[in-house]
Amino acid sequence: MRIYKAKDYEEMSQKAANIIAAQVVLKPECVLGLATGSTPIGTYSRLVEKYEKGDLDFSKVTTVNLDEYKGLPRENDQSYYYFMHENLFDKVNIDPASTNLPDGTKEDSDAECARYEALIQSLGGVDLQLLGLGHNGHIGFNEPADVFEKDTHCVDLQERTIEANKRFFASADDVPRQAYTMGIGTIMRAKKILVVVSGEDKAETVAKAFFGPVTPQVPASILQMHPDVTVVADEAALSKS
Ligand code: GLP
């Protein structure tokens, strides 16, 4: 695991975008695993800037997102589909047909999760997976649990996650209670992983996840076992490590 310390959120975003850009330049037809949340927004805007300058071409890139709320239609401005279009897909020359997310409107969780897992495998796996870090150590929507869930599955969101995400909704009651997410196995099968973390409120989680014991109670801790992980964190996020 390589840990890069960035001065602040801006520098973290710049470094992360440089790593993703290098992947796209080296392998234009790569599969990028993408993440939502507030942390990667700056990374996406740097990628858009690089594209606008003519330095990046997304035309051959395929993307698979980590997760999606169950029950939110795409047009809902809190769906991860909406987020990805607003922050990246609509601003670069990616082929919309090559962008993939779990479909939150599908009622049959088992069928949708199996479809998504099979799709990722059929693409030959993920070349570079971008991840944010939840306050309770979750990655994607893999919440603290007794075991590491392997494949794409439906999760019941924990109270802390609902609380953390309610700022984006009219009220906590509007936050969906379930989500579809890649499993820990799905994430660990990515060839390379890039984690972005910012802010003092994540410092304790960073210390536990990247310097503490590997345990499903801190899902991100499993990343210590992956052969090619880069963490780009700002000074505040690393302040307790
Ligand atoms: C959500 C997403 C995660 C993300 C997390 C942290 O729960 N499902 O993928 O990492 O939020 O979000 P933020 O970056 O806003 O702290």
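User: In S8, what is the bridge partner of Val 155?

Analyst: Quick caveat: this is a predicted model. Strand S7 (residues 153–156) runs antiparallel to S8, and four bridges join the two. Val 155 falls within that S7 range, and across from it in S8 sits Ala 179.

User: Which strands stand at the edges of the open sheet?

Analyst: Seven strands make up that sheet, with parallel pairing, in the order S1-S10-S9-S6-S2-S3-S5. The strands at the edges have a single partner strand each, so one side of each has no neighbour in the sheet; these are S1 (2–6) and S5 (99–100).

User: At about what angle does helix H1 run to S10?

Analyst: S10 (residues 229–234) pairs with S9 (residues 192–197) in parallel, over five bridges, and Val 196 has Val 232 as its bridge partner there. Helix H1 (residues 9–26) lies across S1, S2, S6, S9 and S10. Its angle to S10 is about 155°.

User: How many polar residues does the shell around the ligand have?

Analyst: The ligand is surrounded by 14 residues, with Gly 37, Ser 38, Thr 39, Gly 132 and Gly 134 the closest. By class, four residues of the shell are nonpolar and one is charged. The polar count is nine.

Note on methods. Residues are numbered from 1 along each chain as its sequence is written. This is a predicted model: local features need pLDDT of at least 70, side-chain atom pairs count only at pLDDT 80 or more; totals for chains, interfaces and linings use all residues. A residue is near a molecule or strand if its C-beta atom, placed from the backbone, lies within 6 Å of it. Ala, Val, Leu, Ile, Met, Phe, Trp, Tyr, Cys and Pro count as nonpolar, Asp, Glu, Lys and Arg as charged, and the others, Gly among them, as polar. Two strands pair if DSSP finds at least two bridges between them. Two residues are in contact if their C-beta atoms, placed from the backbone, lie within 7 Å. Axes are lines fitted to C-alpha atoms, for helices over the stretch in contact, and angles run from 0 to 180 degrees between N-to-C directions.
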